[in-house]
Each structure stands twice: as structure tokens, then as C-alpha cells.
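Here is a short note for a colleague who is new to this structure. Please read the points with the model open.

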Amino acid sequence: MMERTKPWSKIVSWEKKGKSLLLIGSEDLKIEVINEKIIRFHFSKNKAWRHNYSFAIEKDLPKIDFTVEEKEENIILSTEILKVVINKNIPNIKIYTKEDELIHSDYKNYGYAKYKDKVFSFKNFEKEEAFLGLGEKMGGLNKKGKKYINWNTDDPHHYPHTDPLYQSHPFFLAWNSEFSYGIFFDNTFRTYFNLGEESSKYYYFYADNGELDYYFIYGPTPKEVIENYTLLTGRYYMPPLFALGYQQSKWGYKNKEMLMDIARKFREKDIPCDVLYMDIDHMDGFRVFTFDEERFPNIKNMIEDLNNMGFKIVPIVDPGVKKDINYEIYREGVEKDFFCRRSTGEIYVGYVWPGECAFPDFTKKEVRDWWGEKQKRLTEAGVSGIWNDMNEPSSFSHPMDIFSRSWERHNTFWGIFSDHNDEIFYDKTFPKDVVHGEKGEFTHDEIHNVYGLLMAKASYEGWRRGNPNVRPLIITRAGFSGVQKYSAVWTGDNKSWWEHLYISIPMLQNLGISGVPFIGADVGGFGLDSSPELFVRWIELGIFYPFFRNHSELNTRSQEPWAFSKEVEEISKEYIKLRYRLIPYFYSLFWEAKEKGIPLIRSLILEFPNDKEAIHNYDEFLLGPFILVAPIYQEGVRARVVYLPEGLWYDFWEGKIYKGPDYISIKAPLDKIPIFIREGSIIPLWEPQNYIGEKKQETLEILIYPGKGEFTYYEDDGISWDYEKGIYNLIKFKIDERSFEIKYIHKEYNSDRKWFKVRYLDKEFVIEDKDHIKIKL
Ligand code: GLC
């Protein structure tokens with residue numbers, strides 16, 4: 001492909017203008033330094049910059065100063081940590097550490113290249129052993145040798161090679177056992193990443209249109225790359241505590257009786273559950289923000305009853321607004337000019353569940369505000385969150401598609417130079433001529449990938465205005481880099497296939513590396529019928545998903561934990577209870593995600609960045625720093641091989657000690673998922689309860705394991721935004737060979753706790769809650 005593009009030529013002059021370096025050539029390049037480790041490279045297109053806004057980076061970034069010197073051939077920009085060497089004659093950028101170690105470089109003078117409207121960047125392979133990130137993608141953890149497209153796509157029938165899917169994250173992390181760096185390509189058009197599929201000399205990324213504007217982010221550790229990437233694109237807030245509980249959903253909970261019955265069964269059967277979802281069944285003729293009064297009469301009372309039983313309710317919201325002149329939202333949208341239009345001027349009409357629909361143009365602030373305001377109809381009924389769906393945007397090309405869902409698409413086509421094939425990407429979304437913005441200034445090409453992000457933003461901001469002191473559970477199916485500022489993400493429509501259970505393991509690791517911590521896949525599988533064995537294995541894995549929801553499609557078999565057999569029910573119950581025990585550990589990890597962007601589900605290399613073996617072992621993962629989970633993802637399997645990185649590891653079930661690095665073989669009967677605890681672990685636990693808040697947690701149990709380790713425990717009221725005003729506690733836990741220490745480092749929240757119960761091997765210490773405690777082990 002490279003040969004067909006036209007590269008950047010000779011740099012004729014340069015100039016340092018305030019805190020940017022301007023290089024003048026056939027195209028101009030503006031370089032800015034965000035901090036010692038983040039450098040922005042922004043190329044002009046046809047000698048101008050139009051892209052002076054970003055949908056992903058929504059704040060004014062700080063810029064720091066740097067030094068520039070000119071040598072015979074090169075211009076050299078230096079920060080405290082990095083050195084950027086730019087060859088003037090054959091324009092080429094190389095990035096070194098201060099110690100002159102080469103980290104990254106352009107391929108020849110193809111660091112910027114063009115073909116028609118498309119902009120490219122070709123990079124040399126240096127030491128990149130693996131490419132991670134890229135959000136929600138099929139395939140394994142390491143994307144090296146593969147190619148991917150970002151174009152948000154509703155594809156419930158995805159196979160191992162299907163691409164793209166629901167989300168777009170044009171960000172990757174390049175890893176080798178010595179250092180890591182990341183690149184965020186801030187371009188919302190359809191983007192492509194060819195990470196060595198085409199050549200063993202170079203890799204490249206490009207966009208169909210827009211400008212070449214990217215951020216180089218140095219580690220050296222993967223965690224530092226993620227921390228700096230989320231400094232740019234933002235981090236998730238503290239979820240409400242209930243959102244960490246088990247969640248039950250099904251398309252087809254079609255009336256009040258059914259929903260109440262499900263709720264009662266959870267309580268009767270003593271299976272913890274915090275959230276019940278209301279899918280499209282709840283709407284009046286699929287009109288968004290309405291309730292069907294026949295099937296769900298007195299909605300407010302129903303939700304109140306459910307709340308009193310300890311359940312929170314989250315309804316679905318689709319962007320498609322039914323074209324019905326008697327429907328207020330549609331009428332208002334038309335009157336106020338809030339819907340997307342075609343270039344010819346008429347409102348674009350697509351087909352979703354209600355039939356003909358118009359779609360809000362979320363690029364306009366007033367439209368987002370209006371949508372957020374309409375959400376009040378749901379919040380006033382008592383819901384606790386919003387489930388944003390179909391926001392790729394998904395729009396069926398033919399009304400029959402709604403019912404058959406049997407569309408066949410061929411979206412893996414890689415037809416970059418055959419422009420007529422572009423149409424193939426559009427058949428389940430808006431046509432190419434839809435425009436957005438106040439004056440129609442954006443084409444759909446530019447907005448498509450951020451439509452879901454902007455809908456989630458409308459939802460989050462509307463919620464914060466309308467319910468100022470209650471945190472919501474907002475989830476979204478589509479998204480773009482930065483979506484984590486607003487929402488949790490689930491991976492869309494999977495199937496009750498072992499392959500989809502399996503793929504969730506690397507997919508969620510890569511979404512986490514892409515800055516999105518609150519993630520999960522539909523447990524049990526959405527489409528088709530789950531087998532009892534698949535369901536059990538999925539629950540065993542699902543308790544470690546940050547977002548833990550069982551959801552399934554209309555007309556599939558019942559998929560509640562009791563719907564299979566007594567055995568399945570008992571195993572599921574035990575695991576869901578284990579999840580509830582782990583909630584204080586999850587919550588503290590969410591605090592780390594909020595502070596630094598570090599995901600909860602961690603690839604082994606996040607904790608063991610120098611381990612060359614760890615990169616291959618992505619069919620296991622770490623939950624936070626301490627818990628290694630090795631799921632069973634094949635039918636009939638009753639044992640598996642687990643890779644244990646360096647150190648001692650404790651079998652969670654049996655206590656047996658293993659020494660890593662090593663591969664071990666471990667038994668996994670149906671009721672056991674292999675779990676290993678790292679030496680020096682500190683894991684806070686609660687008493688199980690039927691729902692968050694059912695029991696006062698007066699004792700915090702702390703499970704500690706021999707070795708050296710630290711953990712910062714976080715707590716607040718779990719409900720309000722008061723933590724933003726400093727009303728929370730942070731407690732430092734520290735273990736070494738001889739002692740265990742508990743020390744408050746921030747104490748502004750009045751918790752229910754009276755006791756710490758520390759469990760160490762076969763010993764147990766019960767101590768009154770005090771500011772500083774030291775226990776001799
Ligand atoms: C989409 C969603 C799915 C939902 C269905 C009906 O397929 O991804 O979760 O159940 O629409 O609303």
C-alpha cells in the first residue's frame with residue numbers, strides 16, 4: 001500500500017512558537033509536549049489545520065516547554081525524558097530516551113503520507129513484540145501481524161475474524177520486555193491499523209479522512225502508558241456500589257408479573273442480585289422514554305416495590321425516535337430541528353424496533369441537553385441507571401431486518417483503494433450523505449464512530465443535572481476513546497458459544513488497556529440457548545468481570561441461575577456470593593482506575609512487564625494486582641494448564657503453594673475455576689448479602705498471604721458524589737515477613753465499621769477499628 005501513497009518531503013524551515021515546534025515542509029507539522037512522556041504530532045492537511053477540536057480529549061491540555069537544537073541534518077527536541085530527532089532532508093522522526101535508547105521511529109519518510117483524502121503514518125518495527133489495546137476486537141491479546149478497522153458496527157453474529165465491532169478505540173500499546181509506548185490516533189473517521197500484516201519492516205495506521213494527529217505516549221511500563229493515555233482521554237468515576245453486584249436481564253421480561261416473579265425468586269432462593277433490567281419490552285410501541293401502561297401499570301409503584309426488595313432498575317434507551325407525529329418526543333425533535341438530516345435537507349429516516357425512526361444529532365449540545373432532560377421521565381419513575389443501546393448507530397436498511405435479524409455483511413473487506421466498495425460498510429447504519437452539526441458541518445463519516453460516545457455523554461450529563469447527588473449506572477454498547485468518562489461498556493450481542501466465553505478473556509483485557517475499566521460481556525451468552533455447563537463456566541468467569549450481567553435474547557431459553565438444574569443453581573449461588581465477598585476489593589480497584597486509569601482486569605504483563613512468557617498467556621488474567629484467574633472455556637474440560645509468573649502463588653481453594661515462573665497443570669471440576677493468590681496479597685472482603693446495603697458491614701475481613709505487599713483500601717457512601725468533596729476514607733494496608741499494618745491516610749467518611757478481622761494462614765486477629773494498627777504475624 002505504501003508505494004501508492006505520497007510521503008512527506010523535505011523540511012525547509014522550523015520555528016519555535018511558544019510551546020510548540022513548527023516544521024515547515026510539503027505539509028507542516030506542529031509538535032507539542034503535554035508532559036515529559038506525551039508528545040503530540042499534528043500534521044497539516046493541504047497546508048492547513050482544521051482539526052482543532054477533539055471528541056476524545058475534552059479538556060485543555062497542559063503544555064510544557066522543551067529545548068530545540070539544530071544540527072547539520074537534524075532538529076532535536078528534548079524533554080526531561082525523551083529526545084525527538086527529526087531528519088530535515090528526508091523527513092523522518094525518531095524517538096529516543098534521554099539515554100539514547102531508540103524507542104520508536106518513522107518508516108523512511110513515510111511518517112506522514114497521503115492518498116486522496118486518506119492520511120497515513122508508516123512506522124518502523126523496532127522492538128515491538130506485541131501490540132495491545134484497540135478496544136473491543138476479536139482475536140487474541142496481541143494484535144501484531146494483524147489488521148483492524150474502527151467503524152462502530154452492530155454485529156451480533158461475529159466470528160473469530162469479524163471486524164469491526166461495536167466500539168472504536170484508535171489506540172494501541174506497543175510492548176516489549178524492556179519498555180512500552182502507546183499511540184493514540186485522534187481521528188474519528190474510519191481508521192485502520194495494519195500492525196505487521198502487510199510487512200515485517202513497517203506497520204502503519206491511517207484514516208479515510210481528517211488529519212494525522214497522534215499522541216506518542218512513553219511508559220516505560222504498560223501501566224504508565226495507560227495512566228498517561230487516560231490523562232488525555234479521561235477516567236471513569238466511582239460507580240455506585242450497587243453496580244458491582246450481580247445483574248439480571250433478559251429481552252422478554254415482558255410484563256410486571258414476570259419481572260416481579262424474577263425478583264421474588266432471587267430473594268426466595270437466596271441468590272444475591274442488585275439490578276434488574278427493563279429491555280425494549282417496557283416501552284409503549286418502542287417509543288423511547290415511555291412505559292407501556294398495560295404491561296407495566298403504575299410503574300413508579302412497581303419500581304418502588306422492587307427498590308424495597310433491594311433491586312435497582314435500569315431501562316434501555318435507544319436513539320431511534322419513532323416517526324409518529326402524535327408522539328411528543330418526535331414532534332419536539334422535528335420542531336426544534338434536533339434530528340440528523342441528509343445532505344438534501346430532509347430528516348433521515350431509518351428503521352429500528354419501532355419501524356421508521358429519526359435520530360437525534362448528539363453533536364449539538366442543545367440536543368444532548370434535551371435528551372438528558374427527557375431522561376427525567378425515567379428517573380422520575382425511579383430508575384437507577386440508563387442502558388444506552390443501538391448507538392453505533394444501528395439502523396436497519398430494510399424494515400424486514402428488524403424481525404429477521406438475518407442480515408449478512410462482509411465487513412472484513414479491506415478495500416482501501418477501491419472507493420466504490422465503501423458502501424459495504426454502511427448497510428446497517430446511516431447512509432453516507434447524513435450530515436451533523438449546527439450547519440451540517442460534519443459528515444456522517446466523521447461522526448459515526450463518536451455517535452455512541454456523544455449519546456453516553458448526553459445520558460451522563462443529563463443524569464448529573466437531574467439527580468445531582470445520586471451516582472447512576474450508565475452503560476453503552478457503542479463508544480469511542482474517552483467513553484470511560486461517561487459510561488460502563490458491555491461487549492454487545494454475543495452468543496451462547498464457548499468461543500464467545502473465550503474471546504471475552506482477551507477482549508476485556510484489551511478494552512482495559514484502552515482505558516475502559518467498567519466492562520463485561522453478557523454472561524451466559526445473549527443469542528441462542530446456553531447449555532448448563534457453558535452457563536456454569538460463564539458464571540465462574542463472570543464474577544470477575546467488573547460489569548457482571550446475565551443477559552439473553554428474546555425467544556432464547558430462560559437463563560436465570562435457577563433455570564437449568566439444582567446443581568447449576570447451587571454452583572451459581574456460591575460464585576455469586578463469592579463475588580459479593582470480593583466487592584470491597586473491586587471497589588478499591590475502581591478507585592485506582594479513577595485515579596490512574598489502571599483497569600481491574602489486567603493482562604499479566606501489566607503486573608509483570610518484563611516477563612516474556614506472560615504475553616502469550618492471555619487465557620488467564622489478573623483481577624487487580626493479586627488474584628490470578630484461569631477460566632475454563634471449553635466443554636468437558638476438567639483440568640487446565642496455568643502459567644504462574646514469578647513469585648509464590650497460593651491455590652485459592654486448597655492453599656497449596658506453587659513457585660513461578662512455571663506452567664502447572666491444575667484440576668478444575670465443574671464447580672471449580674482455577675484461582676491463584678499472589679504472595680504478599682491483601683484482599684478485603686465483606687460478608688455476603690442479598691444486595692448491597694442489606695447488611696451493615698461492621699467487620700472488614702482482610703485476607704493476607706505471606707510475603708511483601710501493599711494495598712490501598714478505598715471506601716465512601718457508595719451512593720452520592722460526596723467523594724468528590726473529599727468525603728471518603730483511604731486506608732493503607734501493608735504486609736511484610738513479620739507484621740501487618742493498617743493505617744488511615746485519608747479519613748473523612750464515617751463508615752459502619754467497628755472491626756477488622758485479619759486472616760493469615762490459620763490465624764485470625766480481630767481488632768477494633770483505629771487510625772493505626774500494627775499486628776505481629
Ligand atoms: C440489542 C442489544 C441487546 C438487546 C436488544 C433488544 O440487540 O444489544 O442487548 O436485548 O437489542 O433491545
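1. Start at the ligand. Of the 14 residues around the ligand, those that come nearest are D279, D389, R477, D493 and H551. Near means that a heavy atom of the residue lies within 4 Å.

2. A word on the basis. This is a predicted model, where local features need pLDDT of at least 70, side-chain atom pairs count only at pLDDT 80 or more, and totals for chains, interfaces and linings use all residues. Residues are numbered from 1 along each chain as its sequence is written, and side-chain values use heavy atoms, with hydrogens and water left out.

3. Look at the polar side chains next. D279 places a polar side-chain atom 2.5 Å from an oxygen atom of the ligand. For R477 the corresponding distance to a ligand oxygen atom is 2.7 Å. An N or O atom in the side chain of H551 is 2.9 Å from an oxygen atom of the ligand. A polar contact here is a pair of N or O atoms within 3.5 Å.

4. How much of the ligand does the protein bury? Taken alone, the ligand exposes 310 Å², and the protein buries 100% of that (Shrake-Rupley method, 1.4 Å probe).

5. What kinds of residue form the shell around the ligand? Eight are nonpolar, one is polar and five are charged. Asp, Glu, Lys and Arg count as charged.

6. Now the cysteines. The structure holds zero disulfides (cysteine sulfur atoms within 2.5 Å). C340 is in no disulfide, and the nearest cysteine sulfur, that of C357, is 12 Å away.

7. Are these cysteines buried or exposed? C340 counts as buried because its relative accessibility is 1%. C357 also counts as buried, at 0% relative accessibility. Buried means under 20% relative accessible area, with a 1.4 Å probe and protein chains only.

Note on methods. Polar contact = N/O pair within 3.5 Å; in protein donor to acceptor, adjacent residues only side chain to side chain. Buried < 20%, exposed > 50% of the residue type's maximum accessible area, 1.4 Å probe, protein only.
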